[in-house]
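Please open the structure in a viewer and keep the selection tool at hand.

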Amino acid sequence: MALAAQGFTGSHRSAKPGWSKMESTLRRLHLLQIDSVNVLTRSHYLPLYSRLGAYPQSILDARSFGAEKRALFECWAHEASLLPVVLHPLMRWRMARARAGAGTYAAMDRFGREERRYLKQVLDFVSRHGPTAASDLPEAGKAEGGWWGWSRGKLALETLFDQGLVTAATRRGFERLYDIPERVIPADILSLPTPREPEAIRQLMALSAAALGIATEADLRDYFRLPLAQSRKALSELVEDQRLIPTLVDGWRHTAYRHRDTRLPRKAGGNALLSPFDPIVWERPRAERLFGFRYRLEIYTPAHQRTYGYYVLPFLHGERLTARVCLKADRKANTLRINAAHIEDHAKHQETAEVLAAELRLMAGWLGLGALAPGNKGNLAAALRAAL
């Protein structure tokens with residue numbers, strides 16, 4: 001149920017996936033998490049690839065950051081995320097909270113209180129000049145490095161972004177350029193009524209249930225990073241309305257819930273490499289409950305202390321997560337490097353290696369890399385080298 005709800009239906013790949021299939025998948029997932037790490041490719045590109053195959057990244061760029069036919073917008077959801085524009089009204093409660101001084105991050109709330117005059121100057125600048133980077137602002141200051149080492153101008157723009165007074169117009173490389181919503185979000189979307197906060201959270205909890213297939217209260221709340229008390233109230237109301245069905249799952253400590261439209265499919269799964277920020281695995285305790293797969297991102301772990309590698313992708317093989325590979329796109333050498341490959345205890349070495357090798361070839365082709373270079377690290381490395 002969890003795999004099918006996420007678009008892994010057993011025959012999910014398409015020969016030439018275009019915008020129609022991409023849009024259908026986006027409406028199923030509801031969001032793509034954005035992350036700055038680019039050792040393989042930006043994380044928001046990977047969930048569509050995992051489900052659809054080698055789609056053109058340029059189409060997603062155009063629909064996310066292009067001036068015409070805008071279909072997605074950026075906001076704080078499950079961290080920084082791209083969402084279909086139709087969900088804009090459901091995210092306005094979070095922007096309203098930020099404007100009231102109770103936003104996503106305390107540092108932005110504090111900046112908003114202490115720098116109101118400067119915020120107004122920055123908003124006026126963006127209104128006059130259009131798409132604006134932090135470096136474009138007068139008196140922007142210098143960045144000091146680190147997450148909250150932003151320059152004064154960057155922190156102002158991010159605070160206005162949190163408040164919904166500016167939005168992401170486009171990106172230059174990975175740098176976000178900001179503009180006022182009226183010049184970015186389609187007018188017919190901006191004109192939609194804004195639900196009251198309890199109704200918006202109720203709808204988001206229902207969307208989470210549909211996207212996850214089977215999930216606990218904490219899982220549902222995590223999908224859009226919703227507040228605890230309001231989520232629990234929304235869950236109670238959704239159960240009372242019979243939109244969500246309480247469900248017992250063998251081995252789970254907490255009650256699970258499924259959307260009333262969720263069905264048990266005849267088959268599900270497929271073969272796919274998953275982003276570390278894919279909804280199937282982004283909540284690590286749920287991945288462990290579903291698959292018996294303990295997964296932690298080791299990017300910030302010192303190299304000598306890493307167990308599996310720097311940028312590790314889980315491998316979905318059928319209905320199980322059977323392996324994990326540490327990958328790097330070496331653009332200068334036109335090579336996809338497989339720095340380490342590890343197999344799970346329940347999986348078969350040769351079968352897993354052969355199927356994984358095929359997926360790695362497909363990924364290299366999608367990324368425009370002409371060669372694969374398997375390394376020696378990991379208990380699947382030898383079998384994978386032989387398969388390749």
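Begin by selecting N334, which is partly exposed, its relative accessible area being 36%. In this predicted model, N334 sits in the loop between β11 and β12. Its backbone deserves attention: N334 is not a glycine, yet it has a positive phi of about 55°.

Next, select H30, another residue that has a positive phi without being a glycine, here of about 80°. H30 belongs to the loop between α2 (19–29) and β1 (32–33). Is H30 buried or exposed? Its relative accessibility is 7%, so H30 counts as buried.

**Charged pairs**

Turn now to the salt bridges, of which a search of the whole structure finds 22. Side chains of opposite charge can pair when their charged atoms come close.

Select E237 and R202 together. Their closest N and O atoms are 2.4 Å apart, and the two residues form a salt bridge. Because E237 lies in helix α12 (residues 228–240) and R202 in helix α10 (residues 197–212), the pair ties together parts that are 35 residues apart in sequence. Both E237 and R202 are buried.

R232 counts as partly exposed because its relative accessibility is 47%, whereas E217, at 14%, counts as buried.

The next selection is E344 with R324, whose side chains meet in a salt bridge at 2.9 Å, N to O. This pair links distant parts of the chain, 20 residues apart: E344 is in the loop between β12 (335–343) and α14 (349–366), and R324 is in strand β11 (residues 320–330). E344 is buried, with a relative accessible area of 13%. R324 is buried as well, with a relative accessible area of 3%.

**A pair of helices**

Two packed helices are described by the angle between their axes and the distance between the axes. Select helix α7 (residues 116–129) and helix α8 (residues 152–162), whose axes come within 10 Å and cross at roughly 80°. The two helices, α7 and α8, are therefore roughly perpendicular to each other.

Which residues of α7 and α8 meet? From α7 there are Y118, L119, V122, L123 and V126, and from α8 there are R152, G153, A156, L157, T159 and L160. By class, the contact of α7 with α8 has 8 nonpolar, 2 polar and 1 charged residues.

For the last stops, select L40, L327 and M363. These residues have the most contacts inside the largest nonpolar core, which has 102 residues. Centre the view on M363: leaving aside its neighbours within four places in sequence, M363 is in contact with L40, L46, Y49, L273, L313, L327 and L336. Another core, of 17 residues, lies apart from the largest one; A268, V281, A287 and C326 are among its residues.

Note on methods. Residues are numbered from 1 along each chain as its sequence is written. This is a predicted model: local features need pLDDT of at least 70, side-chain atom pairs count only at pLDDT 80 or more; totals for chains, interfaces and linings use all residues. Side-chain values use heavy atoms; hydrogens and water are left out. A salt bridge is a side-chain nitrogen of Lys or Arg within 4 Å of a carboxyl oxygen of Asp or Glu. Helices (H or I, at least four residues) and strands (E, at least two) are DSSP runs, numbered from the N terminus. Buried means under 20% relative accessible area, exposed over 50%, partly exposed in between (1.4 Å probe, protein chains only). Axes are lines fitted to C-alpha atoms, for helices over the stretch in contact, and angles run from 0 to 180 degrees between N-to-C directions. Angles under 35 degrees count as roughly parallel, over 145 as roughly antiparallel, 65 to 115 as roughly perpendicular and the rest as oblique. Contact means heavy atoms within 4.5 Å. Ala, Val, Leu, Ile, Met, Phe, Trp, Tyr, Cys and Pro count as nonpolar, Asp, Glu, Lys and Arg as charged, and the others, Gly among them, as polar. A nonpolar core is a set of buried Ala, Val, Leu, Ile, Met, Phe, Trp, Tyr and Cys residues joined through side-chain atoms within 4.5 Å.
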